[in-house]
Each structure stands twice: as structure tokens, then as C-alpha cells.
Amino acid sequence: MIDFGYGISPSSAINLDKFDRTMFEELAREEPDVLKCMACGSCAASCPTAGHSDMNLRKVILLLGRGREDEALRMVSHCMLCGKCLIVCPRGINTRHLILSVTKIYQKK
Amino acid sequence: MNYEGKKRIWSEFQKEIPDDRYFYARSCIRQNFNPGAEQAFLDIVRNRFGKDFYEDPLHTTCGGIAYHSDTTPEETSMTIIARQFSLMNQAGYRNFVVSCVTSFGLHTEILQTWEEHPEIEAKIHELLWKACKREFTKPDFLMHSSDMMYHYRFLISEQARYPLINVHTGEPLKVVEHIGCHYSKIFPSKSVGGAEYPRVLAGLVEALGGSVVDYPERRHCCGFGFRQYLVKANRGYSLTNTYKKFESMEPFHPDLIITNCPGCNYFLDRWQYVIAETSGKTYGDTPGYGIPVLSSEEVSALVMGYDPWDLGLQMHQVAVEPLLDKMGVQYDKSRKYKGVGGKDLGIPASPANIRIF
């Protein structure tokens, strides 16, 4: 094989048929508000842990929906449950409760 | 493909194409890599259809590559293109035909800019006069070479010697049509068929007997993108775009890719070599071969019975022999690397993972 000094980048395409959505569906049953998120990022902007960790609730929700639980749970582990995101969420999502449900449901994994 | 819906879209994007007296502007990429394509195009229109197709030896590049690589400002391209229009006026023509899709996009963009900002057009008149003491008027019609092939598709079909039909199965060949981004994504109204489902190549393929493959990444860019390729650090991005298209079209087993853009033609062709040499993968139905990538003029000429080697199809990276065999084209294998008068051009080195003959 030849090394041209550049190569094919791995695809970032998500195939929704190729991962197990059972956990996310269970989360959506327990916390229907997760489907209300419009990914505005207000939660991430107000998060006090964001400055010294990769916690980003907007991203956590997206990652869970795409079957990338490991990355999402690593982020959630930095949450201090302060509730600032709950105050700023324009869709009125109980984000703190959502995070608790995420840890509860995905702990089974 | 839902043809009823597409026909409704296509009916909204029709383009008036005059029937005679054309002025031609060549493509710098195509001139260098696939010169036979332009030669065949001129020959078909002039000699097979008997049209007046003028080419001025004084015309130059449009400057599109430099403009899209951010090395010259738009005013430079505008002045160059104004000079082309001046040459057209001098020769007594009003219908301007552009060979390259990027050049076509740039001409369209410039004409639209002058339409909306007459003060810029006035400035270009002044710059052209200062530069070479020339005046110009804008053309009545601006066409891309694939518009011409579309316009004459039924004439081509009437003279077809080898239609796009698999002679072994009797089935239409499965053709991927790839439209260069600058053809219609900037100004859909200046194209045949609009931006989402341009009709220009699909119509030609169908008139020549082939069937068009409708695959998920059909409208995805080839990835050339000028700076994406010209800057080596970004070249993987360009390659990845092409790879994405090939992965998407692979399950449909295309026999041929037809393009209307010299850049797309080059990259869809050459990246198959890079993919083969870095990952060992080839996409053609015949093991070890790729999918041939030809321009609309090359396909038309092949269908009309031009000799593939006179057309310069050996200049493509991907071997065309599997396609020629499917179409039933008569060709002499030993002439592939012979030039004019039988001059030996030399056989290129064979890559490890993709066959070239």
C-alpha cells in the first residue's frame, strides 16, 4: 500500500439501523422531555463544570440518541447537579432529573 | 426514482438554447488531461451536425481556478471574461459556450453581478479598455457544453452506433450522472433541470439508451473544491468526499459515471486509483477494475462510433475496456498507447491494486 501523505477520513455518518436504541427508548419513556430538547445549548453555556471538564448536556442528549453512550456517560459523570441548566432551559426540561434518569437507566449497561 | 415529481421540477427549469452560431471557450483542466473530449465535442457539433462553432485562438483561461483558490480577486476574472466577450463580439457571435463547469459558474456569477450592480460592469469596461483597448457587449445566451449535448441528445441518438445498452444482456447500462456543483447549485435557474435533480445529464443518458442510477449521495460534491485539493493538508477531505460517493453508489453496480465537469471527471477517476492503492478496494463490476468516468462529450462520441483511442480514453486512470466490451464497441487493444501516426506513447506503470488494461 502507498502512503500518499493523506488518506480517507473515517465517516461520521450515523446509521440508525445499526445500533441498539433500547436504552434511549427506555429513557424517553421515563423522561419524555428528552425529546423536547431543541439543542439550543443554553444548558451547556450555563454549566459551571464546562470550564474544567467536557460536560455538555446538549451533546449528551445528541450522543445518547446516536447510540454513543460511553462518551455521553463520561460527560455526565462530571455533573454536580447544581441545576443551573434547569433554570435556563427555554423548553422547561427538568434537566437535573433527566441527568439522574440517564445515570439510573444507563447504569444497567 | 419518482419521475412524475421530477418532471414537475424539470419543467420549472427549462433553458433556451440557440440552434446555431456558437462561440467556444475551452477548459484549462480538460485541455490538459482529456484533450480528446473537447476535440470530439467540436467535431460532433461542427461536422456531424453542421453547425457554425467558432473558436478564437486568442482566447484564454477564465481565471476561475485562481479566483476559487483565493489568489486573484473577482475583478481580475471579470476583466478576463470581458475580454473573451470582446473576442466573441469581434468575431460576430452572440452565443457563448463554456467548456468547464467552474468557468460556466463564474460566467453566470459575473453576468448576474453586472445585472445587479451596473457600476461594477462600468468599472470592468474601464479596466478592459486600460488593459488592452477593447470594448465588449454581453452575450445573448450563455451555455455549458453539457447544455449543448442535452440540446442535441436526439440527434446524437439518431446517429448512435453503440447505444448505452449491455450487448450481452440487452439491458440498459446503469449510469451514475454527476453534475459539477458550479453548474446549477449557484444559479439553478441558469441550468437545465435546476439544482436538486438537474436534467442535463439524466436526459442525455436516457436518450442514449442508458438508465440513471438514483443513489443516496447522488448530489454530493466530488470534493475537489480547489483549496481542498490544492492544499495537501486538506487533500484527505477531497478524497473522503469521493470515497463517500463511491460507497453510496457501489450497491447499485454502476457500469459508467458520466460527468459534465472537468474537475469532477478528473477526481472521480484519479481518486479510484488512490483508494485502490491505499485500501485495496476497487468499485467496478469486473474484479480489479474501477468504474469508468467519462464526460458527456466522450460518452456521446463513443455512442456515435468514435474510436476510443482517438477520443483519448486511454488518458483516464480507470480502464474503459470493460465498458467498451459491455457496449460492444469495436476497438484495437494494441492501439491503446499509440499516438498519431502509430507513434509509441509508452505503457504507464501498472498500479498494484487497480488494472489499467
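## Helix α11 of chain B

The buried residues of α11(B) are B:Val200, B:Leu201, B:Ala202, B:Gly203, B:Leu204, B:Val205 and B:Ala207. The helix spans residues 200–207 of chain B, and seven of its eight residues are buried, so α11(B) is mostly covered. These assignments, like the rest of this report, come from a predicted model.

Several elements of chain B take part in covering the buried residues of α11(B). Among them are the helices α8 (145–151), α9 (153–158) and α15 (296–303). The strands β5 (174–178), β6 (211–212) and β7 (256–259) are also included. Just after α11(B), the backbone at B:Gly209 has a positive phi of about 105 degrees.

## The open sheet of chain B

Chain B has an open sheet of four strands, in the order β2-β1-β3-β4, with parallel pairing. At its edges stand β2 (53–55) and β4 (141–144) of chain B; each has a single partner strand, so one side of each is left without a neighbour in the sheet. From one strand to the next, the twist averages 30 degrees.

Within this sheet, β1 (residues 22–25) and β3 (residues 95–98) of chain B pair in the parallel sense over four bridges. B:Ala25 has B:Val98 in β3(B) as its bridge partner. Helix α6 (residues 101–116) of chain B lies across β1, β3 and β4 of chain B. The angle between α6(B) and β4(B) is about 155 degrees.

## Helices α5 and α7 of chain B

Two packed helices are described by the angle between their axes and the distance between the axes. For α5 (residues 74–91) and α7 (residues 118–132) of chain B, the axes come within 9 Å and cross at roughly 75 degrees.

## Contact between chains A and B

Nine residues from chain A and twelve residues from chain B make up the contact between the chains. The side of chain A that touches chain B has five nonpolar and four polar residues, and no charged residues.

Conventions
Residues numbered from 1 in each chain as written. Chains lettered and ligands numbered in written order. Predicted model: local features only at pLDDT ≥ 70, side-chain atom pairs only at ≥ 80, totals over all residues. Contact = placed C-beta atoms within 7 Å. Nonpolar A, V, L, I, M, F, W, Y, C, P; charged D, E, K, R; others polar. Pairing = 2+ DSSP bridges. Helix = DSSP H or I, 4+ residues; strand = E, 2+ residues; numbered from the N terminus. Axes fitted to C-alpha atoms, helices over the stretch in contact; angles between N-to-C directions. Buried ≥ 20, exposed ≤ 12 C-beta atoms within 10 Å, placed from the backbone.
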